[in-house]
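Student: Please take one part of this model and look at it closely with me. I would like to follow it step by step.

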Amino acid sequence: MTDWTDADAFAAALERAETREKGNCFEDFAEGETVEHDPGLRLSRHGSELWAGQTLNYDPTYWRPSVARTRGYDEVPVHPDYLLACVMGASVEDLSEKGGYFLGREDLRYHRPGVPPGTELRVESVVEEKAESSSHPAYGIVTWETTGYDAATGDRLLSYSRTNMIPRREPLATDGEGQGAGESAEAQRNDADLPAELLAPEGGYFEDFRDALDRADGRDAAVAYRHERGRTIDDTTVAQLPLATLNTAKQHHNADAMADSPSGEIVAYGDVTRSIALGHARSDERTLREVSCDDERFHDFVTVGDTVYGFTRVLDATETDRGAALADGPEGGPDAGEVTFEHVAFNQRDEPVYSGTRTALVRRRD
């Protein structure tokens with residue numbers, strides 16, 4: 001039986017597994033299209049003060065109630081830079097997560113002064129213009145008008161127009177010859193211990209996982225895929241997050257004490273690594289509720305500068321009374337099925353750092 005976290009077997013699986021991509025390419029946008037972004041943040045005073053403090057924005061209007069009142073506000077409003085960051089942040093997954101140069105922003109307007117904490121945002125964008133880029137054939141140029149609304153009242157809060165270079169799925173031109181069809185020696189590592197095919201689901205609904213398992217049934221195949229996102233461990237994730245949860249273990253914040261340890265430096269809290277890996281996976285699912293996790297193992301140190309990626313194998317997708325209860329409950333809601341996964345977090349060297357099985361209720365299609 002294959003150990004999917006064996007270093008050679010896992011490296012071979014990564015080379016063969018399809019990547020569940022995030023974000024949109026240039027070809028995916030159509031002029032005039034409206035994109036509703038989900039989710040929108042609920043603005044908070046803590047988030048505003050954290051943003052303002054870290055960026056040295058010390059206008060007392062955004063810190064002191066007495067000053068805010070003298071300027072016509074009933075309470076301390078959120079900082080406008082924080083508001084802009086939250087509106088733009090909500091748009092990134094749909095518009096520019098694929099990367100590409102941020103070419104500029106025009107017509108930034110604040111439509112309602114003094115937006116209070118607690119306001120829930122709703123953000124939408126309209127594709128204003130698309131253009132080819134002859135100087136960068138692997139990219140196109142897209143301009144969007146983005147608007148942030150008060151989700152409760154529908155009032156416009158902020159709007160702007162921004163332009164980005166966006167990677168094309170098919171470049172206008174390519175240089176040189178493509179790679180040969182021959183299989184590399186690395187791709188052959190331990191392939192005898194892996195299924196002949198690695199299949200990916202078509203989407204993130206319960207039916208997509210069940211259909212993929214049905215396709216694999218009776219064949220030498222597994223439903224296994226990798227996730228596109230990665231998260232590089234920084235000072236916040238390695239030290240601030242553990243301390244914020246009252247985890248005072250010295251290995252997460254005391255570099256002096258860790259200098260003579262096997263890692264030689266402070267290491268990430270295991271549950272931070274785990275959460276990053278599961279976050280990557282959940283971004284490709286329609287998860288409604290977590291059910292359980294089992295067989296969790298931490299395979300290696302994760303330190304500042306390491307990048308954590310995610311890999312998923314689908315083990316089972318079954319009908320469940322728990323899913324039906326969601327739809328039949330007092331407030332109604334979407335139906336769901338139960339899906340069991342094996343997740344592997346790995347670093348930039350393709351080495352497993354965490355693995356575990358997880359069961360979740362995954363939404364059915366409406």
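Tutor: Keep in mind that the model is predicted.

Start with the rings. A pair of aromatic rings is described by the distance of the centres and the angle of the planes. In this model, eight aromatic pairs are counted. One of them joins W4 and F311: the ring centres are 6.2 Å apart and the planes meet at 35 degrees, so this pair is tilted. Where do W4 and F311 lie? W4 is in the segment before α1, and F311 is in strand β10. The two parts are 307 residues apart in sequence, so the pair ties them together. W4 is buried, and so is F311.

Now take F10 with F311. Their ring centres are 5.3 Å apart, and their planes stand at 80 degrees. Is that stacked or edge-to-face? The cut-off for edge-to-face is over 60 degrees, so the pair of F10 and F311 is edge-to-face. This pair also links distant parts of the chain. F10 sits in helix α1, F311 in strand β10, and 301 residues separate them.

F10 has 0% relative accessibility, so it counts as buried. The cut-off for buried is under 20%. Next, widen the view to the cluster. W4, F10, Y309, F311 and F346 form one aromatic cluster.

Look along the helix that carries F10. Helix α1 covers residues 7–16. Its buried residues are A9, F10, A11, A12, A13 and L14. What covers these buried residues? The cover includes β7 (197–199), β8 (221–232), β10 (307–318), β11 (336–346) and β12 (352–363). Strand β10 is the one that holds F311.

For contrast, turn to another part of the chain. There, an open sheet has five strands in the order β2-β4-β5-β6-β3, with antiparallel pairing. Its edge strands are β2 (34–37) and β3 (102–110), and each of these pairs on one side only. Helix α4 lies across β2, β3, β4, β5 and β6, at about 45 degrees to β6.

The largest nonpolar core has 15 residues. L43, L83, V87 and L121 have the most contacts inside it. Helix α4 gives the largest share of this core, seven residues. L83 touches L43, V78, Y110, V115, L121 and L158, leaving aside residues up to four places away in sequence.

Conventions
Residues numbered from 1 in each chain as written. Predicted model: local features only at pLDDT ≥ 70, side-chain atom pairs only at ≥ 80, totals over all residues. Heavy atoms only, no water. Core = buried A, V, L, I, M, F, W, Y, C linked by side-chain atoms within 4.5 Å. Buried < 20%, exposed > 50% of the residue type's maximum accessible area, 1.4 Å probe, protein only. Helix = DSSP H or I, 4+ residues; strand = E, 2+ residues; numbered from the N terminus. Contact = heavy atoms within 4.5 Å. Pairing = 2+ DSSP bridges. Axes fitted to C-alpha atoms, helices over the stretch in contact; angles between N-to-C directions. Phe/Tyr/Trp six-rings, centres within 6.5 Å; stacked < 30°, edge-to-face > 60°.
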